[in-house]
Amino acid sequence: MNNPQIITDIVRQAAAKARQEVMNEPEPALTGKLEWPVSCTVGPGLEGAIACETKIGYVNGTRGSLIYRGYDLFDLCAEATFEEVSFLLLHGNLPTRNELDTLSRHLQDYRFIPRTLRLIMGFPVQDMIPMAALRMGTNLMRQFQTERDQMSMAGSGGRQIASDEDSHSMETVPRGDQKAVFEFQERDANRPDPARIERAQAEAHGIGSCYHLIAGVASLTAAIARLRGGRLPIEPHPELGHAGNLLYMMTGKRPEPVEERVMDICLTLHADHGMNASTFAAMVVASTLSDIYFSVGAGIAALNGPLHGGANEAVIHTLREIGSPDGVAEWYRNARANKSKIMGFGHRVYKAYDPRARVLGPLAEYLVERSGREDMRRLLATAKELESRVVSELGEKKGIFPNVDFYSGIVYSCLGIAPDMFTPIFAVSRVSGWTARVLEYLKANRIFRPRAIYVGALDRPFQPLAERG
Ligand code: SDX
């Protein structure tokens, strides 16, 4: 029950089923290099607008397939780790062993964010919505991370010694440095030396800040989950990778190999997805030459919305409201009568089954079975009944199928993650896509500035305040 190979087999079976079902679908012709300016039909909300060219990812809405840098998502889920996929999105190729080791070492260093955690613990995190705390945390991470901060620091004379929970201010008057602190000389061999981290981070901007954010958003999310549960953050475990550390820092338990593998696949599934609202938000901020921390903060803000990343939490609430498979028929009738959107279904691009849901569905089934929990069994059975009803009535007719958010909540619940942390987990993954797309766009940057057609009044005579009734 704990062999991660089981999970790889589930992904491969989902891939085979998907490829079988769409094999007769014609492959749409890829656009290829564009000659700007391009003409395209644009609807409200920039629907259909072409904002830029990219080599990072391609969402094939008719066949229901997704590729990252030319690799099929199913293959990446089955064969690669989230660290490899993040490297691929950022750099364009799967990493060599050396490149992967270097990235892993950076992520391990950047995963330690004691100064940021101490700052965030000064805020009422337990009273904030988790995405607000996460967005604030990424801003606190900036500290001396951005070039602008470093330039403003440059004239400050002396170098501040990194201070963290292993240090306390000296009794004697500090000489030279602005803030001399005493650091324990003996450090746990596994904990990287803060000075080394600071040096690495001081040199890092651009790609280093991206690594810093990919690592730090995971540490922040785990810490926020613990603080909301009235517990203290947990330091990363030196032997665990990104997905394993996310679960470990959140739950305090080393995850089973199967759980770590499922979490890793979930992070790969959510990493990038074309010009979705949060990626576009991050790119708009970056196009003004603001910094990557602000861009990621904008992505977090956009992802929070229930029409975007917040849907997976709404799905769990819907399934609990329905209660059981028997309750689906009446609930569905009411939803259709009220013309309300059914959370976890539909997509602006996919008019076929979302390939991510094709993986998350079987993973949810496996984890629910493995959990032996009656409440999760009932939730899954309700989800399957709702999926069957929606797809039979709205699938072919309106191209409405389960999207990435429909089963992810059940998977996360089986991993011990609370519903209000589902969307931050989405951000833990999507920060790789946000940073990759921002770096790519900045290579040929042009500030985003679409138009709005003015349809308002003209030539109105000014009325002094006294005459306005
Ligand atoms: C994500 O862009 C991305 O790539 C996003 C994402 C990513 O990885 O970044 O894939 C992640 O955001 C997934 C989507 C999560 N959101 C939800 O599950 C919320 C519920 N879904 C809907 O709000 C909706 O499907 C959207 C927002 C996802 C897409 O909406 P569109 O493309 O704007 O479609 P629309 O609102 O114009 O609807 C078209 C028709 C309408 O019917 P008519 O008015 O033509 O009769 O389809 C209907 C809609 O009522 N419809 C739905 C529906 N989604 C669309 N009807 C019922 N339930 C739904 N979920």
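The legends below all describe a predicted model.

**View 1. The rings of Y441 and F448 are stacked.** The ring centres of Y441 and F448 lie 4.7 Å apart, and an angle of 15° between their planes makes the pair stacked. Y441 is buried too, its relative accessible area being 11%.

View 2. The structure has 6 aromatic pairs. In one of them, F280 and F448 sit 5.2 Å apart from centre to centre, with 75° between the planes, an edge-to-face arrangement. This pair joins distant parts of the chain: F280 belongs to helix α12 (residues 277-287), while F448 lies in the segment after α19 (422-442), and 168 residues separate the two. F280 has a relative accessible area of 22% and is partly exposed. Taken together, F280, Y441 and F448 form a cluster linked by ring pairs.

**View 3. Three helices contribute to the lining of the second largest pocket.** The space in this pocket comes to about 420 Å³. Its lining is made of 21 residues, and those closest to the pocket centre are K17, E21, Y353, R358 and E387. Helices α1 (5-22), α16 (355-371) and α17 (374-398) each provide at least two lining residues.

**View 4. Helix α16 is largely enclosed by the rest of the structure.** Here is a closer look at one of the helices from the previous view. Of the 17 residues of α16, 12 are buried, which is why the helix is described as largely enclosed. Its buried residues are P355, R356, A357, R358, V359, L360, G361, L363, A364, Y366, L367 and V368.

**View 5. The length of α16 agrees with expectation.** At 1.5 Å a residue, its 17 residues should span 24 Å, and the C-alpha atoms at its ends are 25 Å apart, so the two values agree.

Technical notes. Residues are numbered from 1 along each chain as its sequence is written. This is a predicted model: local features need pLDDT of at least 70, side-chain atom pairs count only at pLDDT 80 or more; totals for chains, interfaces and linings use all residues. Side-chain values use heavy atoms; hydrogens and water are left out. On a 1 Å grid over the protein atoms alone, a cavity is a set of points where a 1.4 Å probe fits but cannot get out, and a pocket is an open set with protein on both sides within 12 Å along at least five of seven lines; lining residues have an atom within 4 Å of a point. Grid points are joined across faces, edges and corners, and a volume is the space filled by probe spheres set on the points. Helices (H or I, at least four residues) and strands (E, at least two) are DSSP runs, numbered from the N terminus. Rings of Phe, Tyr and Trp (its six-membered ring) pair if their centres lie within 6.5 Å; planes under 30 degrees apart count as stacked, over 60 as edge-to-face and the rest as tilted. Buried means under 20% relative accessible area, exposed over 50%, partly exposed in between (1.4 Å probe, protein chains only). The expected span of a helix is 1.5 Å times one less than its number of residues.
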